[in-house]
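User: I want to learn how to read helix packing. Can you take me through a case?

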Amino acid sequence: MKIEVKLFAAMREQLDADHVIVAIPDTATVADLSAALIQQYPSLAAWQPYFRTAVNQQFAHPDDPLRPKDEIAMIPPVSGG
Amino acid sequence: MIQLTYETIDPQRVLDSVHSGQAGATVLFLGTTRELTQGRRTLSLEYECYAAMAERKLGELEAQVRQRWDLIGVSILHRLGQVDVGNVSIAIAVSSAHRKAAFEAGQWLIDRIKQGVPIWKREFWADGTCQWIHPAMPQRELSRMDEVQPLVAAGVDRQVNPIPAPLIDNLRRVHTNLRISVTDRCNVRCVYCMPNEVTRFVPRQSILTFEEIERFVRVVARLGVKRLRLTGGEPLVREDLPVLIGKLREIPGIADLALTTNGMLLAEQAAELKRAGLQRLNISLDCLSDDTFRQLTRRSGVDRVLAGISVAQKLNFDVIRLNAVAIRGITEHEIIPLVKFAREHHYPLRFIEFMPLNGEQREQAEEQADGLISGAEIQRLLEDHFGPLVPRPRPDPHQPAVHFCFADGVGEIGFINSVTQPFCSTCNRLRITAEGQVRNCLFSDDEWDVRSLLRSGASDEQVADLVRQCVAGKQVAHGTDRDGFNRPQRHMNELGG
């Protein structure tokens, strides 16, 4: 399935795109998606220990399965407040 | 009251929102932008957020704080967009019967908001630099990212760090972006660019060779140029372009390789361009119908452009964006179909204000009240059709587009309002023409002759000095909106527009 992944702040600026489309198997988990994202965009590799994945606007666990209509965002370390 | 807002926060209004006759205590917290952080002076902050999730998280925090303490009113307002030093970024107000709850709840809220709400700030410093703030990211990684990660690791060529005397003009604009025109030739004749009968193509020996371009880029890369964009004329008509891309990709310090194209030759060439190292594409698409295409470009072939876009998408370039020019009397009826197309395929689309530079078009434009359809007018047209456009933060302060997304969340639109909202103050671009002349502005007639230096045995330092002179000579603004503006002698195809 093709998943749209929203990007923010420096990650978005780095790819100059506020979202990218990543292809993953239908049975993929959150961890699989992160791996696929980095593989497709190796320049994001340095972010890997630091970003969290949000699925449907909640922080997700790496083992969580994904569904085609899920809303996905990569959340780099936040700095609001 | 929970709100994410681009408007100035009024502390009184925040206080009023938690007012109650039952409250014995009201606590107001204001987070303000500090001027000094670790010795650096901040001018402003800019905030962006993942709006839907941020609102959800703030709502959850309110629910949790009310479970922990007995409270009457709770309000959280967070700014988005630019907040100057001394101004309020966040306001939290809490009221309760007794003061202990209000004090503790207020502190708890600001601590939690700082941890888990998807809001980010970018700091703009007095020295002209800016950086996203991502706590816990190693500073080394973040600085490199903000300078865009080089394709060739910095360890390979130590000359890249530190950068000697970067290209800063007297308005503190740092030039990190180079447009390279690889040819003045083109396979179409857009009415806004070139006259139909072009009589003065530059002879081939006057055009820089790939080796000359490469050498020039190596010199400016050591001066801090990091991003390259290939243009023309139409760059894809230059033979063996992938060879040039391959050379440029290897230059230490060059972090981004992009191309602007009319897309007519893209279907055939995209795969090789990507293999050679091209990362990002801007494709010009002003309309979807071949009738209008022919009216604009004096050639047939919109389906070739659409095929090119489709091929490029399948190849997974890092970014594919569409650039459209809207011209009064020609393309108004194309605007909505074009936007629908872009939304359907998730291509970011930018409208560029038509700037009459070409002689023929100049006369025609002057007849039709300048031919300009302003970005604001297009925006109104889109809002009439699609509903309100939601402003988005600018992804890059040097990128001139004003960004919006649609209320339904599908698709994104930018406006490059070169005429009605000039963005000269953040310009970071240098240009080199196909003939090896360096320009600091699309609209200035001043050129610096690098080709002569390259062909007469000059040293790299002499080339660098010439580029520095060019940067030093940059005007405050392009001035096309002023009376007495002298349009450049050259046509757009010769400038790399």
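Analyst: Start with handedness. A crossing is left-handed if the near helix is turned anticlockwise from the far one by less than a right angle, and right-handed if clockwise. Helices are DSSP runs (H or I, at least four residues), numbered from the N terminus. This is a predicted model; local features need pLDDT of at least 70, and side-chain atom pairs count only at pLDDT 80 or more. Residues are numbered from 1 along each chain, and chains are lettered from A in the order in which they are written.

User: Which hand does the crossing of α2(B) and α3(B) have?

Analyst: Right-handed.

User: How do I describe such a pair?

Analyst: Two packed helices are described by the angle between their axes and the distance between the axes. Axes are lines fitted to C-alpha atoms over the stretch in contact, with angles from 0 to 180 degrees between N-to-C directions. Here α2 (residues 51-68) and α3 (residues 99-116) of chain B have axes that come within 10 Å and cross at roughly 150 degrees. That makes α2(B) roughly antiparallel to α3(B) (over 145 degrees).

User: Which residues of α2(B) and α3(B) meet?

Analyst: Contact means heavy atoms within 4.5 Å. From α2(B), the residues include Leu58(B), Leu61(B) and Val65(B); they meet a set in α3(B) that includes Trp108(B), Leu109(B) and Ile113(B).

User: How do I read one face of a helix?

Analyst: An α-helix has 3.6 residues a turn, so residues three or four places apart point the same way. In α6 (residues 241-249) of chain B, Leu241(B), Pro242(B), Leu244(B), Ile245(B) and Leu248(B) are buried (under 20% relative accessible area, 1.4 Å probe, protein chains only). Seen down the axis, the buried residues of α6(B) fall within an arc of 155 degrees, so they line one face. They pack against elements of chain B including α5 (210-221) and α7 (266-276).

Terms used:
Side-chain values use heavy atoms; hydrogens and water are left out. Buried means under 20% relative accessible area, exposed over 50%, partly exposed in between (1.4 Å probe, protein chains only). Helices (H or I, at least four residues) and strands (E, at least two) are DSSP runs, numbered from the N terminus. The arc is that of the directions from the helix axis to the C-beta atoms. Angles under 35 degrees count as roughly parallel, over 145 as roughly antiparallel, 65 to 115 as roughly perpendicular and the rest as oblique.
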